[in-house]
Amino acid sequence: MPIITYRDALNQALREEMQRDDRVFIMGEEVAVYQGAYKVSKGLLQEFGEMRVVDTPITELGFAGVGVGAAMVGLRPVIEFMTWNFAVLALDQVLNAAAKMLYMTGGQYNVPMVFRGPNGAALQLSAQHSQAFESWLAHIPGIKVVTPGTPYDAKGLLKSAIRDDNPICFLEGEMLYNNKGEVPEEEYLIPIGVADLKREGDHATIVTNGKMVLVAMKAADELAKEGINIDVVDLRTVRPMDVEAIKASVMKTNRCVVLEEGWELCGIGAQVVDYVQRDCFDYLDAPVIRVHQADVPMPYAKNLERHAKPDVPKTIAAVKKVMYID
Amino acid sequence: MATKIFMEALSPTMEEGRLVKWLKNEGDAVKSGDPLAEVETDKAIMELVARGDGILRKRLVNEGDAKPVGTLVGVIGTADENIDELVGGAAAAATASAAPAPAAASAKSPEPATEPPTEKPAVPQSPSPSAPQPPASGSAARSSPVARKMAADNGLNLSGVSGSGPAGRIIKRDIEAAMAAGQKSGPQTTDHRPPSTREGDYQDLPLTQIRKTIAKRLSESIGPIPTFYLTAEFDLENAAQLRMAMADLGPEFKVSFNDIILKAVATALSQHPEVNAHWLGDKIRQHNRVHLGMAVATDDGLIVPVIFDADTKRMSQISAEAKELAGLARSRKLKSEQYTGSTFSVSNLGMFGIEQFTAIINPPETAILAIGAVEDKVVIEKGEQVVRKRLRVTMSCDHRAIDGAVGAKFLVTLRRLIENPLMLVY
């Protein structure tokens with residue numbers, strides 16, 4: 001099986017879906033001539049032309065709104081945000097237009113579109129450009145929120161997202177684009193809303209998503225050296241959330257850690273903990289512990305940024321805590 | 001709100017307790033966890049502790065009186081709280097004799113009677129309106145949800161399980177250990193816990209037909225445990241030299257014959273799981289870990305504290321533990337987990353000058369070794385009469401599980417170790 005980058009996996013997904021369906025087009029800052037700020041749209045302008053690969057001004061709210069309108073009249077836009085940090089400017093179109101349209105038109109207009117771009121912290125991009133938005137977006141009824149952590153998931157989920165008849169927020173990561181993984185040559189789709197057990201173990205469960213999948217896997221590798229075997233449940237989609245996958249794992253291991261990139265209060269982990277306490281109460285051997293970003297604006301200083309981010313040592317410590325070790 | 005004090009089940013088999021001594025007077029302030037009274041159980045004298053904060057308002061049982069588990073023996077409350085109704089109900093509670101569910105009774109405990117009327121009657125005045133009631137077992141131990149579920153699914157009484165989690169929380173591994181030990185009940189404490197059970201600690205052997213027939217026929221002959229006895233005499237000259245050599249190194253290195261014998265027995269058992277076994281009726285459980293019981297005579301009778309994982313312990317550890325356990329036994333301070341779980345037992349009457357005796361098997365164990373006195377005896381060695389230190393041991397074996405030759409092989413191993421104590425460091 002070919003081993004390719006997350007970036008190339010997304011590029012393949014876009015190209016294949018644009019070949020498959022000429023209603024699909026991509027629009028955003030630097031997506032065409034510059035080939036994408038992170039080169040995700042590389043080669044698409046040459047292949048599909050400027051009607052389907054559209055550079056925009058720096059006007060997130062404007063081109064997000066154009067996308068919603070295009071979707072309402074039958075196209076299938078993919079709106080690239082250079083980062084989700086910039087997409088805050090477009091939140092009104094996501095929250096009030098895309099998410100509400102089907103409901104407020106009594107089912108007359110659906111909005112089949114994808115908002116996509118890198119999410120969360122990279123390295124030293126400071127407080128305004130290091131934010132993880134999945135919990136903000138997952139809060140909104142009417143959209144789906146997809147957070148792939150591997151090249152395989154990125155491709156299969158982006159293809160499903162483009163084909164979905166609902167607005168999808170698709171959260172990638174600067175630090176993920178260069179990661180490599182196996183991606184089959186033949187076409188495949190990954191259903192939205194289905195988690196993936198990335199690693200199997202009996203001792204404890206780590207529920208996670210997105211970029212943190214890699215952290216969870218590294219933590220699980222380290223713990224395996226001590227004979228501790230971890231179930232890593234990669235949610236892949238945080239809305240809708242695959243509660244059954246969480247339950248199956250926690251009922252097996254009796255111990256759960258939730259690892260997420262964002263802040264603690266009202267985070268993705270808070271919702272996971274709620275499902276766990278409600279559905280797995282009789283199966284818990286320890287309180288569920290969350291690992292998340294420190295409750296501060298992301299510091300610019302390298303050492304402080306490192307402390308603020310969820311990481312492998314914090315995850316290992318949390319697993320040991322739910323296992324009553326140390 | 002008042003907290004009732006109940007006679008609690010302080011040992012796994014306790015049905016009633018004798019209140020030996022009150023440790024608090026009426027009017028004394030008490031905090032949750034404070035010892036209130038000494039209670040004599042069927043096994044030991046234990047402390048009954050407070051399950052709530054306040055003032056010991058009433059003692060309902062006189063020192064020296066025995067009361068069934070679940071009986072109301074006192075009340076803790078605030079200084080001005082009206083407890084008449086609680087105290088009035090004491091007679092009824094007492095007649096409910098063995099009802100082991102004090103929590104059920106306390107569910108009906110009345111509301112505090114002396115709340116002054118306020119604008120917001122629903123808000124309790126006291127900062128800690130009610131101390132948590134103990135669960136039905138009379139224990140305040142916490143437990144994780146899965147531990148409770150596993151216990152319920154397996155008919156395990158949580159009060160018999162020691163918690164190894166924070167604040168003594170009973171967690172999954174404690175239940176697994178308790179189930180593996182076949183323990184259905186027993187008091188909970190935190191220290192001196194028997195080691196948790198791991199996979200591979202024992203193997204269960206289904207009974208073969210011949211084993212079933214042997215068990216049935218021999219039980220009819222001598223029942224219910226068809227015991228046979230194997231006596232052997234060991235030469236202890238080398239052991240005596242070892243003792244002297246060690247004593248020469250300084251008083252801290254002194255070991256007794258008993259320490260050497262316990263170490264040798266533990267080592268031999270690790271090589272003979274066939275006698276380190278439990279008879280479980282439908283199967284024989286051979287233990288791969290050696291939890292060595294040692295019979296201790298006390299003024300109240302015999303008790304058998306356990307040296308857990310004795311085969312993995314150095315002689316100095318065994319010596320120290322044996323001494324400590326014997327001391328605890330004589331002062332009746334043993335906790336139940338310190339005298340349950342043995343896989344094989346040893347009884348030593350050598351200090352009474354008993355040359356040889358037969359000990360009675362402590363079921364479900366399948367054998368016990370009776371140790372006699374070390375005595376100078378004339379023996380024939382290479383045709384010459386010589387005086388040697390000799391020891392007689394008699395192993396009582398449950399014939400349902402152990403055949404004569406099996407027991408004898410164990411004694412062969414034991415002889416090699418005791419007669420050549422250097423083997424113990426091999």
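Predicted model: local features only at pLDDT ≥ 70, side-chain atom pairs only at ≥ 80, totals over all residues.
In chain A, helix α3 (residues 60–72) packs against helix α5 (residues 91–98) at an angle of about 25 degrees, and their axes are 8 Å apart. That angle makes α3(A) roughly parallel to α5(A), and the crossing of α3(A) and α5(A) is right-handed.

Over all chains, the structure holds 46 salt bridges. One of them joins Asp153(A) to Arg236(A), with the closest N and O atoms 3.0 Å apart. Asp153(A) lies in helix α8 (residues 151–163) of chain A and Arg236(A) in the loop between β11 (230–234) and β12 (237–239), so the pair ties together parts that are 83 residues apart in sequence. Asp153(A) is buried at a relative accessible area of 1%, and Arg236(A) is buried at 7%.

Asp274(A) and Arg278(A) also form a salt bridge, 2.1 Å from N to O. Both lie in helix α11 (residues 268–279) of chain A, 4 residues apart, which is about one turn of the helix. Asp274(A) is partly exposed, with 24% relative accessibility, while Arg278(A) is exposed, with 51%.

In chain B, the closest N and O atoms of the salt bridge between Glu355(B) and Lys377(B) are 2.9 Å apart. Glu355(B) sits in the loop between β17 and β18, and Lys377(B) in strand β18, 22 residues apart. Glu355(B) is partly exposed at 36%; Lys377(B) is buried at 18%. Both belong to a network of salt bridges that includes Glu233(B) and Arg388(B).

The loop between β17 (344–348) and β18 (367–381) of chain B also holds Ile354(B), which is partly exposed at 32% relative accessible area. Together with Met351(B) and Phe352(B), Ile354(B) forms a nonpolar surface patch of about 340 Å² accessible area.

Conventions: Residues numbered from 1 in each chain as written. Chains lettered and ligands numbered in written order. Heavy atoms only, no water. Patch = residues over 30% accessible without salt bridge, like charges linked within 9 Å, V, L, I, M, F, W, Y side chains within 5 Å. Areas by Shrake-Rupley, 256 points an atom, 1.4 Å probe, with all protein chains shown as cover. Salt bridge = Lys/Arg side-chain N within 4 Å of Asp/Glu carboxyl O. Helix = DSSP H or I, 4+ residues; strand = E, 2+ residues; numbered from the N terminus. Buried < 20%, exposed > 50% of the residue type's maximum accessible area, 1.4 Å probe, protein only. Axes fitted to C-alpha atoms, helices over the stretch in contact; angles between N-to-C directions. Parallel < 35°, antiparallel > 145°, perpendicular 65-115°, else oblique. Left-handed = near helix turned anticlockwise from the far one by under 90°.
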